[in-house]
Amino acid sequence: MQTPIDVPTLSVKIDSFLHFAGLAELWNSAGWSTAINKIKNDNEQATLKTTWSQANSETSHSTAFCKWVDALITLLTRSQWHSQREVRFLPLGRTGVSSTPGFANGNVAPGPASRFQPDAICVLKEVTQFENWGQVLIPLQFNQKEPSQPSAEATRSASSTSSSRSSAIPAHPEPSSSQSCPNLNGDDVQLARYAMETPPAVGDRTHIFGMVVCHPEIVLWYYDRCGAVRSPKLNVDEPEDFLAFLKFLSAIIYMEDGVLGFNPLFTDTKADQGVRTHLCDLSVNIPDREDLSLKLTKLLVRRTGLVGRASLVYRAELQRESKTEDVVLKSSWQHVTRKSESTILTALHSSSQTLDCIVGFVHGWEQQGTAGSSRRAMFGEPTPVAHDRALRYTVTEYLNPLSELSKPFHIPHIGWSVLQAIKFLNDRGWFHRDIRVGNMGFAIVPECEGVLVKLHDFDLSKQRGSVSGTSHWTGTLPFMSIELLRSSQTEHMIGFDMEALLWTLLWIVRVYTDGKITFKVADHPLIRWFSNDDLRVIASSKQDYLRDLENLTNTWYIRLD
């Protein structure tokens with residue numbers, strides 16, 4: 001199911017947009033003035049620009065534009081400044097690439113994959129063929145029609161592949177800025193879809209830039225997990241706008257990797273320079289803990305989408321005091337007003353009983369400068385951001401996936417163990433608020449070769465009586481309580497977590513066969529629990545399901561019926 005999400009958009013003046021690059025010293029230098037004069041007097045770039053202006057189809061339009069921009073980049077890189085990267089603009093014609101797949105429990109999430117066909121992309125010079133979204137530095141959308149005019153509203157522009165209701169961010173007007181927020185047209189929407197694919201493709205990007213091109217005008221875009229920032233239209237036939245566009249091209253070449261969007265946490269000095277396709281085998285140094293280091297080994301969970309938590313979970317090897325431990329590194333864009341998962345786990349681990357029912361906790365931190373308000377300040381727009389998010393990390397013990405406890409006799413043990421975990425949390429004044437199959441796992445007890453079933457993923461958890469910090473209720477559709485589905489304003493209660501456990505157990509015995517799901521999404525036996533946009537219909541479907549006390553299991557779990 002694809003859930004529409006809103007992309008709050010801030011429109012800024014071009015000087016503010018370019019402020020993000022931090023290249024004022026370069027642009028104020030005498031060498032920059034010399035380079036600009038050479039570009040203006042260069043016959044080859046002028047000829048290529050004319051060819052672009054005469055293009056009469058979208059394909060020839062994008063091809064001619066890319067040739068012109070590549071010529072400009074060549075001229076910009078002939079200066080005395082050391083470039084951070086060599087890039088090229090690649091027209092794609094009819095080349096299509098599948099959307100970035102979500103991951104769950106170490107496997108590609110089920111469901112059909114969409115295919116996208118960008119008009120062009122900016123890539124490292126070594127890339128000659130578009131094969132995956134991780135190659136994209138900047139996506140481009142072309143249009144022969146007039147771009148949209150700014151208006152007072154930001155409207156829907158992308159979709160999410162997450163089935164969690166908490167990933168749907170309601171629309172909220174942005175604070176006033178140097179310009180009002182634009183009303184997004186079809187090309188803006190399409191560019192946002194392309195931008196949505198790139199950050200999760202490898203997992204090492206915090207934001208991405210983009211362009212909508214409609215001769216002779218270009219609109220520059222920036223996207224992160226809090227929304228988008230847009231420049232005004234640049235008419236490259238006008239000297240001042242052409243200069244601004246050259247500054248943006250130079251920023252692509254000269255600004256630091258972190259400013260372009262590459263996460264400095266995943267900078268591996270041992271790695272070969274070039275296009276990274278995954279993070280496995282990458283070594284990560286944990287901030288403020290010189291005694292700890294991580295080596296990522298396997299992607300476990302990847303949530304795709306543009307705005308939202310966008311959780312990324314890796315299995316990893318933790319090096320501590322000459323010993324190696326099996327752990328999990330989770331990154332998640334969490335609301336800054338909420339307590340972090342690491343803060344919650346630190347509080348819960350003050351009890352000696354914690355490790356019997358709650359995932360073990362190693363360390364956690366928030367990456368500095370990732371909050372949406374901090375990013376918008378880099379545009380010279382220090383305005384508050386509605387539903388601001390920051391990138392937070394937690395390192396916890398590795399738990400085996402619950403699907404490996406696949407025998408019928410495991411079900412009572414799972415139910416009892418999680419019930420004890422819910423009670424443990426309640427006794428300490430906490431609600432988990434997202435009980436589901438994916439948030440349960442088990443650890444093996446070496447002494448007796450038994451298992452401990454535990455809860456993990458506490459970034460939506462809430463202390464009893466505290467303010468949520470978010471404007472929407474949380475949970476994952478198939479496992480949410482009927483009352484929450486019927487009333488989003490209902491205050492969370494322990495009964496909701498217990499009911500979520502009930503739905504989880506019913507889900508397991510109906511959906512899994514020996515730990516595996518053997519049918520397509522369209523044939524899902526419980527599709528009515530998550531396939532309707534009207535939550536009241538889902539609530540009624542789940543209530544009707546409980547009235548039928550027969551056929552609650554599949555043949556694998558028939559002995560439990």
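Me: Which residues of α13 are buried?

Reply: In this predicted model, a residue counts as buried when its relative accessible area is under 20%. By that cut-off, the buried residues of α13 are Phe496, Asp497, Ala500, Leu501, Trp503, Thr504, Leu505, Leu506, Trp507, Ile508, Val509 and Val511.

Me: What covers the buried residues of α13?

Reply: The cover is drawn from both helices and strands, and among the strands it includes β22 (430-431) and β23 (440-445). Among the helices it includes α11 (410-427), α12 (482-486) and α14 (535-547).

Me: How many Å apart are the end C-alpha atoms of helix α13?

Reply: Helix α13 has 18 residues, 494-511, and at 1.5 Å a residue it should span 26 Å. The separation in the model agrees with that expectation, because the end C-alpha atoms are 26 Å apart.

Me: Which helix supplies the largest share of the lining of the second largest cavity?

Reply: The second largest cavity has a volume of about 90 Å³, and of its 14 lining residues Arg433, Gly475, Phe479, Met480 and Ala500 lie nearest its centre. One of these, Ala500, is also among the buried residues of α13. The largest share of the lining, 3 residues, comes from α13.

Me: What is the volume of the largest cavity, and how many charged residues line it?

Reply: The structure holds 11 cavities of 30 Å³ or more, and the largest has a volume of about 140 Å³. Of its 17 lining residues, the closest to the centre are Gly203, Arg205, Leu312, Ser331 and Trp333. By class, the lining divides into 8 nonpolar, 5 polar and, as asked, 4 charged.

Conventions. Residues numbered from 1 in each chain as written. Predicted model: local features only at pLDDT ≥ 70, side-chain atom pairs only at ≥ 80, totals over all residues. Heavy atoms only, no water. Helix = DSSP H or I, 4+ residues; strand = E, 2+ residues; numbered from the N terminus. Expected span 1.5 Å × (residues − 1). Buried < 20%, exposed > 50% of the residue type's maximum accessible area, 1.4 Å probe, protein only. Contact = heavy atoms within 4.5 Å. 1 Å grid on protein atoms, 1.4 Å probe; cavity = no way out; pocket = protein on both sides within 12 Å on 5 of 7 lines; lining within 4 Å. Points joined across faces, edges and corners; volume = space filled by probe spheres on them. Nonpolar A, V, L, I, M, F, W, Y, C, P; charged D, E, K, R; others polar.
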